[in-house]
Structures are given as C-alpha cells and as structure tokens.
Amino acid sequence: MNIILIGPPGAGKGTQAKRMIERLGVPQISTGDMFRAAVKEGTPMGLKAKACMDKGELVPDDVVIGVVNERLQKPDCKPGFILDGFPRTLDQAKALDELLDKMRSKLDHVVVIEVPDNNLVGRLTGRRTCRGCGYMHHITFDPPKKEGICDKCGSELYQRDDDQEVTIRERLATYHSQTSPLIEYYSNKGIVRKIDGTKNMQEVQDAVKASIGA
Ligand code: AP5
Ligand code: MG
Ligand code: ZN
C-alpha cells in the first residue's frame, strides 16, 4: 500500500506513521528525518539542507526529489511505503507521479491530517525527540516516564533546532503557501482522506486506519 501523509508541522505525521509501519509492513520515509541524518553526518547535502531548515524554508526540489528517488528503489519499498513530509510542492508531486509511473506503481491514499495553526506551536515547542530510535515524546501529551529519557529505548531526548517559535511560524507559512495546494491536486484524483488531527493520538490513529481500510 502506497500512502502519503500531508499535514502542517506538528500535525502528527511522524507520530501516526510510526504507529502504522509494523501493521502495514511498509517503511516510513520521512524526508525531514533523512535531511537531519545528513546534517548529523555533515555531508554537503546536509549542510545545504540545514540552511533551509533553520529558516523554516523548503529544501530545493531537485535535492529532495533525488533523495526520494533513490530511497524508493530500495527493496524494503517493494510492499509499499508511507511518505511523511514528501511531496511538499506541486513540482515534487508531479515528479513523484512520474517516478511511480516508471515503477509501474501508484498512490493508494493521501491522508491529510488537519490541525489549526493555534494548536501546533505548543505541540512543537513541547516535542522531545529520541536520539536513538526517533520516537517523539511530548512534555504534556506524551511525557516520558523519566525526564529527558526515551521510554522506548532509554536514549537521550532532544529538541529540534527548528522547533523555536519564530521558525515554527515560518514553517507554518511555508506549509500554507507551498504544500496545502497539493490537497486540491490529489482531491482531483479522488484519493484524499481528511482526518481531524486535533483528537488524541489514538483517536487520530483509529481514524487514519479506518480511512485507508487497514
Ligand atoms: P519535517 O521533519 O517533515 O517537519 P514538519 O513537516 O515541519 O513536521 P514535523 O516533523 O515537525 O511534525 P509532524 O507532523 O511529524 O508531527 P509529530 O508527529 O512529530 O521537515 C523539516 C524540514 O525539512 C522542513 O521545514 C524543510 O526545511 C525540510 N524538508 C523536509 N521534507 C521536505 C520536502 N519534501 N521538500 C522540501 N523540504 C523538506 O508530532 C509533533 C508533536 O506533537 C510530538 O511531540 C507529538 O508527541 C505530539 N503529538 C502528535 N500527535 C498528537 C495528538 N494527536 N495530540 C497531541 N499531541 C500530539
Ligand atoms: Mg515529522
Ligand atoms: Zn528512543
């Protein structure tokens, strides 16, 4: 099953993807996670990406499309994938269509997680991500048992560089101007499933599963 998750920063794309991968037997492909890994490794691509990420802007399409193209060729994508945070522009969406055509594959569902902007700042400033396994805790909505330590694997939790309020506002503006038009693009193909992302994590998960018939 091939799924795209669309939603503003903090909507819960990563949280929901991580809860679905085992059941569906497909990988989560987060372009944001891939760029953060490249930043950590200090690769030239990582340096380029970091400059954009720190400003809340998008990484250039050609860079992102190259990375996703390579990733989708890996054998673990044979049964399908959950794309988290890609595509984010119309050009990325069109490039993905071409890629999937070449692979003789297609999208099954575009799950749009809707959350109003005023709920998102608190979600992002309170997020604590695990350095080890990538799990996202939240200081209020999903607090770790021991402060600063991941419940899942015991590694240290950290705050993302782009989770400062000024950068969050820029990311929200970028989402509304560049990414939200994709909802209409995919609506025209009849594959959009809209989810109320303001409910708690489990309720959102149930709604996502129901929307994709899983
Ligand atoms: P990316 O890493 O994709 O960031 P994002 O889109 O801003 O989204 P987030 O990861 O911040 O939020 P999320 O929806 O995954 O929420 P989460 O589940 O963590 O991208 C980062 C940057 O990389 C971009 O700004 C851009 O520069 C670049 N980039 C990436 N992809 C790109 C592309 N395709 N093209 C160009 N540039 C690209 O949840 C957030 C918090 O809320 C957590 O603490 C969680 O515990 C909590 N939470 C989740 N669900 C709920 C709930 N239902 N109720 C209460 N709390 C909840
Ligand atoms: Mg995420
Ligand atoms: Zn962990």
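In strand S8, the bridge partner of Val111 is Arg193. Helices (H or I, at least four residues) and strands (E, at least two) are DSSP runs, numbered from the N terminus. The model is predicted, so local features need pLDDT of at least 70 and side-chain atom pairs count only at pLDDT 80 or more, while totals for chains, interfaces and linings use all residues. Residues are numbered from 1 along each chain as its sequence is written, and side-chain values use heavy atoms, leaving out hydrogens and water.

Val111 and Arg193 are bridge partners where two parallel strands meet: five bridges join S4 (residues 109–114) to S8. Two strands pair if DSSP finds at least two bridges between them. Now step back to the sheet. It is open, with five strands in the order S2-S3-S1-S4-S8, and the pairing is parallel. Strands S2 (28–30) and S8 (192–196) stand at the edges with a single partner strand each, so one side of each has no neighbour in the sheet. From one strand to the next, the twist averages 20°.

Helix H1 (residues 13–24) lies across S1 (2–6), S2, S3 (81–84) and S4. H1 runs at about 175° to S3. Such angles run from 0 to 180 degrees between N-to-C directions, with axes as lines fitted to C-alpha atoms, for helices over the stretch in contact. Contact means heavy atoms within 4.5 Å.

Next, the nonpolar core. This is a set of buried Ala, Val, Leu, Ile, Met, Phe, Trp, Tyr and Cys residues joined through side-chain atoms within 4.5 Å. Buried means under 20% relative accessible area, exposed over 50%, and partly exposed in between (1.4 Å probe, protein chains only). The largest core has 31 residues, and Leu96 and Tyr186 touch the most other members. Helix H4 gives the largest share, five residues. Beyond its neighbours within four places in sequence, Tyr186 contacts residues including Ile4, Leu96 and Val192.

Charged side chains come last. A salt bridge is a side-chain nitrogen of Lys or Arg within 4 Å of a carboxyl oxygen of Asp or Glu. The whole structure has 15 of them. Arg127 pairs with Asp163, their closest N and O atoms 3.0 Å apart. Arg127 lies in strand S5 (residues 127–130) and Asp163 in the loop between strand S7 (157–158) and helix H7 (165–179), so the pair ties together parts 36 residues apart in sequence. Both residues are buried. Asp163 also forms a salt bridge with Arg171, at 2.8 Å between the closest N and O atoms. Arg127, Arg160, Asp162, Asp163 and Arg171 are linked in a network of salt bridges.

Conventions: Chains are lettered from A and ligands numbered from 1 in the order in which they are written.
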